[in-house]
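Open the model in your viewer and keep the selection tool at hand.

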Amino acid sequence: MLKKFIFCLCVLGLGGVWMPLKAKHIVGGDMYYECILLDTSRKTVNFRITMKLYRDCSNPEGALFDTDAKFGIYEKLIDGRFRFVKDITNLRYQGPINRIDPNASNPCLIVPPGVCVEEASYQFTTGNLALLSTGSYYISYQRCCRNETISNILDPGLAGAALTIEITAEAQRLCNSSPKFKGLPPVVICVNNPIDYDHSAIDNEGDLITYEFCAPLIAGGQDGSAGGKNSCFGVTPDPSSCLPPYLPVTFKPPLYSTIYPMGGNPLVTIHPITGFISGKPEVQGQFVVGVCIKEYRNGVLLTETRRDFQFNVTYCEPKVFASIQADSTINSGETFVINSCGELDVDFINRSTDVQFISSYQWDFDIQGSKQSSTSRNARFSFPQLGTYVGKMFVNKGTQCADSLNIKVNVFPDIRANYQFQFDTCVAGPIQFTDLSYTGSNLLTSWNWNFAGSGNAFAQNPVFTFTTPGRKAVMLQVRDVNGCLADTTITIPYYPVPPLLIVDPNQTEGCSPLTICLRNLSVPIDTSYQILWDFGDGTSGKGLAPCHRYESGGIFSVKLQVTSPIGCYTERTYNQLITVRQSPEAKFDINPSKINVFNPKVSLTDQSTFSSSRNWEINNSDKFSQLFFQYTFRDTGIQKVQLVANHINGCSDTLIQYIDVEPIVTYHMPNAFTPNGDANNEEFIGVGYTYGMSDFELVIWDRWGSKVFKTNDPTQGWNGRKDNGGENLPNGVYVYTLRYKTPRGQLLESKGFATLIR
């Protein structure tokens, strides 16, 4: 049976499966060639080159496939140096982009969301190349960048990949075509599960092929030069300037190396002859791997090429997982155990997933030598008698995506839970519970009581006391020696009255008016009970915890009466529970009741009752204690007068009144003036109390309607000249208009005559 959680190994750069990436995309690739023409007379050879390039398409910010790819053709000289021969530029991929099915290698796995790998093919011909007698041609493609989250090499995000293939002089002479890999590595391989993947290649000419892990090659970088001359660290290096050999990646020691790029237990390796990759990877992460193949004919090397790709490790699940509802599992979860207690007909509930991938079910049981089967998702089997029976359940039996489990059924004797109880229904107290349960095994092993969520007990015959009333659903579950369970729930109407009525007032003494809140601490009791209160002052009330206001002084007894929903009754009187001291009543007189800035004086008289002393406070500052006094306010506006009436019993009362000292302005205009230089009556100007006046305007006009003077200052007068400057105006009668606002915003307007006499 497949296990529920499986590590899986996602191949070809699925960096977006579980880790955030920057805009990278190269995750692998390889090349192969075909000889299309050998001209022995002209000593030239022409090859068709095909490159398969793979990118991670799970990251929306990743770079796309190049539409102007650059390839370089180089000659490796006998001294090991390389000579640039030619380049192939502005090459676009052929045909549509192929998105690789992540389930192609294992249709029984649910691949994590975000797994996305695309393949593009680039193809070109080399043109006629000179037939070499020694040395080799190398075809190369360079592109940045790899994913930064690769875990088995140093600085993975700083450089890209170099894909290359060698065509030896012998391969040219024989017009050889290189081997081709059979297919892609699987998109998903489960970790902690042995790998057995065929990574071999096919050679149509029957040459010998060997396989080995080798170091992937580095090319390009992130300096942004985008292929300019000598920009070997750019995103797309210039083939004419960036010649082989290319540096290999540096694996992180000691866990990873060229021949052991993924670690594992056993180590992940490749067979040198078959090309099968085997081992068991154990570490979650991303791993760059290189596979080199060498082609020999008659012991002579013809071709060396390599595939560069990337493994990513993540979690996945099997699509099909066999499971049923059971009491337990044994044998490391392979066998599901179902216990049937007293029932010979047993229902089997199927929990297998994922239903959309399951096409068939099969249940098989051997019952006393007779095979019984069912093909429904859920099944029922009838067993003839007590005992143990074994069976098996299959999903998708006979297909690649199949799973199964073993079943063990124990048919045990019957078990039944029951009990009785006893208590005084009208007086709260303990309830005695007595177990009456039965089991055919004759041996009960445990009792589990739940008292309506108020408590638990594990004795066979417990005693329990509820602190609240109500209908109590008491559950008993019993277990016998076979592990069989049975339970029963009985609802008990529990409505006794409290054995003692307890009342806790928030206070028992204070000044009138006094509000007392009576907290009822009696148990069991709730709002379903009839609760009546007599507060001792001629008033009554209801409720669990009422609040009552005592208006006058006195000593009061409180009586509480309680009747339960089933008619049980109790009462209690709390003698002289509340003491209320009589408070004085603060009163005072203000005379006169209306005052203004010209008459701000008042008389204050204490008229309080049931008081022995007093405290006056005016505008939160001036304080007095007299029965009667006079006070002159120093400002206009609303004034606060507070009186606290005190009694020798410690009680007091406070009264606050407000009085308005009205602000008033006055402004009176003369009817004539004599600006003759005798220093008497020289200006036409008003007189009065102007404090608080605003928006003042005085304008004077001559008899022809011309304005001769204007001012917004009530302290400035007219001197008989035009705008108070220039020559004297003639004697005569002039008209004035006057307007201003009082301190409280009232607009006053008037007009009159001003007689100018010299």
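In what order do the strands of the open sheet of three strands stand? The order is S14-S19-S18, and the pairing is antiparallel. Keep in mind as you look around that this is a predicted model.

**Stop 1: a sheet of three strands**

Select residues 195–198 for strand S14 and residues 269–270 for strand S18. These two strands stand at the edges, and each has a single partner strand, so one side of each is left without a neighbour in the sheet. To see one place where they face each other, show Thr-269, which stands opposite Ser-278 in S19. As background, the strands of a sheet pair through backbone hydrogen bonds, in either a parallel or an antiparallel way.

**Stop 2**

Next, highlight residues 470–480, strand S37, together with S38. This antiparallel pair is held over 10 bridges. For a landmark, pick Gln-477, which stands opposite Asp-487 in S38.

**Stop 3: the largest nonpolar core**

Now turn to side chains. The largest nonpolar core has 31 residues. Show Met-31, Met-51, Leu-53, Phe-71, Tyr-122, Ile-139 and Tyr-141, which touch the most other members. Several elements give two or more residues to this core, among them strand S2 (26–39), strand S3 (44–56), strand S8 (117–125), strand S11 (160–168) and helix H1 (169–173). Which strand gives the most? S3 does, with five residues.

Zoom in on Leu-53 and leave aside residues up to four places away in sequence. Its contacts then include Ile-26, Phe-65, Ala-120, Tyr-122, Tyr-141 and Leu-163. Glycines are on the list too, namely Gly-28 and Gly-29, and so are Glu-118 and Glu-119.

There is also a second, separate core, with 24 residues. To find this second core, select Phe-181, Ala-201, Phe-287 and Val-291, which are among its members.

**Stop 4: disulfides**

How many disulfides does the count come to? The count comes to eight, and we will visit some of them.

Begin with Cys-35 and Cys-175, where the distance from S to S is 1.9 Å. The value about the S-S bond is -95°, and this link is left-handed. The pair links distant parts of the chain, 140 residues apart: Cys-35 lies in strand S2, while Cys-175 lies in the loop between H1 and strand S12 (180–181). Is Cys-35 buried or exposed? Cys-35 is buried, because its relative accessible area of 14% falls under the 20% cut-off. Cys-175 is partly exposed, with a relative accessible area of 23%.

Move on to Cys-144 and Cys-145, a disulfide with its sulfur atoms 1.2 Å apart. This link is right-handed, with 60° about the S-S bond. Both Cys-144 and Cys-145 are buried.

Then select Cys-517 and Cys-547, whose sulfur atoms are 1.9 Å apart in their disulfide. The torsion about the S-S bond is about 105°, so this disulfide is right-handed. It links distant parts of the chain, 30 residues apart, with Cys-517 in strand S41 (residues 514–520) and Cys-547 in strand S44 (residues 547–550). Cys-517 is partly exposed, with a relative accessible area of 27%. Cys-547 is partly exposed as well, at 48%.

**Stop 5: a cavity**

Rolling a probe the size of a water molecule over the atoms shows where empty space is left. The structure holds one cavity of 30 Å³ or more. The volume of the largest cavity is about 40 Å³. Which residues line the largest cavity? Select Asp-66, Ala-69, Lys-70, Tyr-141, Gln-142, Arg-143, Thr-236 and Pro-237 to see the lining. S4 and S10 are the elements that give two or more residues to this lining. The largest share, three residues, comes from S10.

Key:
Residues are numbered from 1 along each chain as its sequence is written. This is a predicted model: local features need pLDDT of at least 70, side-chain atom pairs count only at pLDDT 80 or more; totals for chains, interfaces and linings use all residues. Side-chain values use heavy atoms; hydrogens and water are left out. A nonpolar core is a set of buried Ala, Val, Leu, Ile, Met, Phe, Trp, Tyr and Cys residues joined through side-chain atoms within 4.5 Å. Buried means under 20% relative accessible area, exposed over 50%, partly exposed in between (1.4 Å probe, protein chains only). Helices (H or I, at least four residues) and strands (E, at least two) are DSSP runs, numbered from the N terminus. Contact means heavy atoms within 4.5 Å. Two strands pair if DSSP finds at least two bridges between them. A disulfide is a pair of cysteine sulfur atoms within 2.5 Å. On a 1 Å grid over the protein atoms alone, a cavity is a set of points where a 1.4 Å probe fits but cannot get out, and a pocket is an open set with protein on both sides within 12 Å along at least five of seven lines; lining residues have an atom within 4 Å of a point. Grid points are joined across faces, edges and corners, and a volume is the space filled by probe spheres set on the points.
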